[in-house]
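Dear colleague,

Please find the structure we discussed below, placed ahead of my notes. I would be grateful if you kept it open while reading.

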Amino acid sequence: MAVATLPRSQAKAEFRTCPVTFLKVDLAAERLIIANAVAAVVFLLIGGLYALLIALTRWQAVHLLNATWFYRLLTAHGFNMLVAWMVFFEVAGLYFGSAIMLNARMVKPRLAWLGFILMAVGAVMFNVIVLMGKGDVMFTAYVPLKAHPLFYLGFILFAVGALIGVGLFFANLVMAKREKTYEGSVPLVTFGLATAAILAVYTLVAGALALVPALLWSLNIIPSVDPTYYRNMFWAFGHPAQQVNLAAMVSIWYMLASFTVGATPLNEKFSRLAFVLYILFINLGSAHHLLVDPGPGFAWKATNTSYAMYLAVLGSLIHAFSIPAAIEVAQRRKGFTKGAFDWLRKGPWREPGFSSLVISMVLFGWVGGVTGVVIGTEQINMLAHNTLRLPGHFHATVVSGTTLAFMGATYYLIPLIFRRELRLKKWASWQPYVFGSGMLLVSIGMIAAGLQGVPRRHWDITFAGSPFSISIPAAAQISLALFGVGALIAITGGIMYLTVVLVSVFGGKRREAHRLTLVMSDANPLVEYALPNKDKEAEGKLAPQGAFILVLAFLIFMATYYLTNWWLLGRTWLIR
Amino acid sequence: MFVPERVWWKPLSRPEKSWLIIALVWCLFLTAMMPLWFVLGRQNVPAETYTVTPQQYREIVDAFTAQYQVDTLNGVPVVEPPAGSDVYLLARQWQWYPILKLKKGTPYRLHISSTDVQHGFSLQPVNLNLQVLPGYDYVAKITPTQAGDYSIVCNEFCAIGHHLMASKLIVTD
Ligand code: HEM
Ligand SMILES: [Cu+2]
Ligand SMILES: [Cu+2]
């Protein structure tokens, strides 16, 4: 970024002053945030429609679509959800975290629009080409399965657009620093987003290294692309991209905790350390997608899956304590000091920001994090690779965790950014529970089916058209039914979310938010909860013992599942 | 909420410190388990790999099949190679070729490769899974521990007939 050449004056930017936070809001930034957020929701809607159809197909008893359309829509589902919905929302988040939270202006809004257009064109191109049947290759597009050149081009355009957004985020940070729009250090949320953005640069470059050769090959310009090279590069893009989602999600966790109960990080150093661990150690996260590939040996696989993962895991373990602890202390300040868990029982459970935060953390950590660490273990991966345990894992992480966190945040951003009153508040209050419980069943159903050997990305596990009869245990059908029911519940939750958003944005009363309010009450947590309490006696009562017990329970759960999997591995055929 | 206090590098509190140590120890344990199992465990990820062209691999498999064929099942040859030898399995859209008949408790060097796109070797209900790539001959030293009829399914998407790609593996006493 040619930051040095940017104009220093603020003359060109137009601002409004946000009556809630007294921050100046650059109108250009605001329009960009709105555009990116709307695009995100549109792709969530499309991807969700595909989710319904493919889920009703994998539910073996229903088996809705034919094979071709199942694979086709699965390809589109993966892209629309994991790439389009996530990244559009993250770009909106990056502009919010830089321009708005730092009181600064949006650098080069025209360039930002160019980025937005590239992303939108790329995503639409991808969808059209896939629906035309020219790219039935899954969104991973492993070579030498070949798709139409526009398939790769759409992907690449989207990535370039996203890279522009990331670059502008950094430019905004530099500009804000230079124009001294804020004092001291950047807020933790911005710090977390900066983590996400640093990872995103790395990620998107790797994505280009995978997809550009694939594009040239599909145009017959180069004769072939090596499958191991492609897999390595694709996952050097695909996995750290999940760390981008993770960092963005954790940032939002901190934000929701502060919005809904007035929690402040107990120790900024602790929390920031965790983000730094992500940046430093997740780089070769791609290794754990290649654990049972021919090619690399034990040392390469184990080193990259362990240092890359476990120190990043340490980062997550830090957040797993520091966020609940921040909530606990904030609640204890309000007087909920009885026992170890009074603070939790008395939480604002009807407040969607709070419930989505808690459900997101629980599903992300207890289901997604635990299963991820286990299947990412070099040897254990032999039991899990390409089974439904994989989608089971990431429907707990990126779907239950990240998606739900993003959904929760939306309820507060609509009054702030769209300046519309939130409608259908009851729905909003229920939505995290519906979506969360559905997704829990989805993940558990998938994981249980995968443990019984059910493959992922598979149209028919009864193998009806195959000359060989394959006995997948009957219990797998039950797991898939569990998954199917969960899918219907989760999709209901998704529809509730989309309805609240659309009705509010298009039908909500236009008004200036006079202060940040909760969804379910008129309290302003930022002011009313921040009771300073320097009392010595109170100090003892403020210690986060409950959160400590929770993380210990979590550790025991994780250890149990982890060791059980080693035991399972020890019982199979000998292999070396 | 927005801007932190000027000084945020306070020392860690007691519970924070304890948790950091516990979590770090746990992560070190996770890391240590893999090399430990590599040395002591009996199920490890195969690493032996050779490059091979699809053409070459097809020739090897054809010769191997011709030499040891004992039967045919649904049009696919069944092959019973000598105990402890090199055995070959070929993946292609949408078939595993040939069908292997192995002896329980005997180690084999199982070669797997593909002659077209990527496939996934998934042995059921043992639930052992390996990636199969064209151009790479992946060698797994395996020892079946129980007799019976096993299934091999494909668990990497390999185009529209992916779900038809299934086969058998027979283990005799
Ligand atoms: C609303 C509820 C959702 C349901 C019911 C659902 C259902 C499914 C199903 C049935 C599969 C196919 C599994 C297989 O056969 O391998 C799948 C794959 C996938 N889903 Fe979802 N999904 C949902 C939401 C999401 C969201 C929000 C995301 C991302 C943020 C997401 C990301 C993915 C990805 C990346 C895949 C893998 C695609 C592939 O294997 O190429 N899903 N989902
Ligand atoms: Cu296959
Ligand atoms: Cu396949």
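The notes below cover the ligand shell, the second chain and the contact between the chains.

This is a predicted model, in which local features need pLDDT of at least 70, side-chain atom pairs count only at pLDDT 80 or more, and totals for chains, interfaces and linings use all residues. Residues are numbered from 1 along each chain as its sequence is written, while chains are lettered from A and ligands numbered from 1 in the order in which they are written.

Ligand 1

The shell around ligand 1 holds 28 residues, a residue being near when its C-beta atom, placed from the backbone, lies within 6 Å. The closest are Ala51(A), Gly78(A), Met81(A), Arg456(A) and Ala487(A). At least two shell residues come from each of helices H1 (27-58), H2 (67-100), H12 (389-418) and H14 (474-507) of chain A; helices (H or I, at least four residues) and strands (E, at least two) are DSSP runs, numbered from the N terminus. H2(A) gives the most, seven residues. By class, the shell has 17 nonpolar, eight polar and three charged residues; Ala, Val, Leu, Ile, Met, Phe, Trp, Tyr, Cys and Pro count as nonpolar, Asp, Glu, Lys and Arg as charged, and the others, Gly among them, as polar. Ligand 1 lies between domain 1 (14-183) and domain 2 (384-462 + 470-517) of chain A, because both give residues to its shell. The domain bounds come from an automatic or database domain assignment.

Chain B

For chain B, the assignment gives domain 1 (12-43) and domain 2 (49-172), with C-alpha centres 37 Å apart. Chain B also has an open, mixed sheet of seven strands in the order S2-S3-S6-S12-S11-S8-S9, where strands pair if DSSP finds at least two bridges between them. S2 (69-73) and S9 (128-132) of chain B are at the edges with a single partner strand each, so one side of each has no neighbour in the sheet. Within chain B, S11 (residues 148-154) and S12 (residues 166-172) run antiparallel, joined by six bridges. Val153(B) is opposite Ala166(B) in S12(B).

Contact between the chains

Chain B brings 70 residues to the contact and chain A brings 78 residues, contact meaning C-beta atoms, placed from the backbone, within 7 Å. On the side of chain B that touches chain A, H1(B) gives the most, with 15 residues. That side has 41 nonpolar, 22 polar and seven charged residues. Strand S3 (residues 574-575) of chain A pairs antiparallel with S10(B) over two bridges, and Leu574(A) has Thr143(B) as its bridge partner.

With kind regards

Definitions and conventions:
Two residues are in contact if their C-beta atoms, placed from the backbone, lie within 7 Å.
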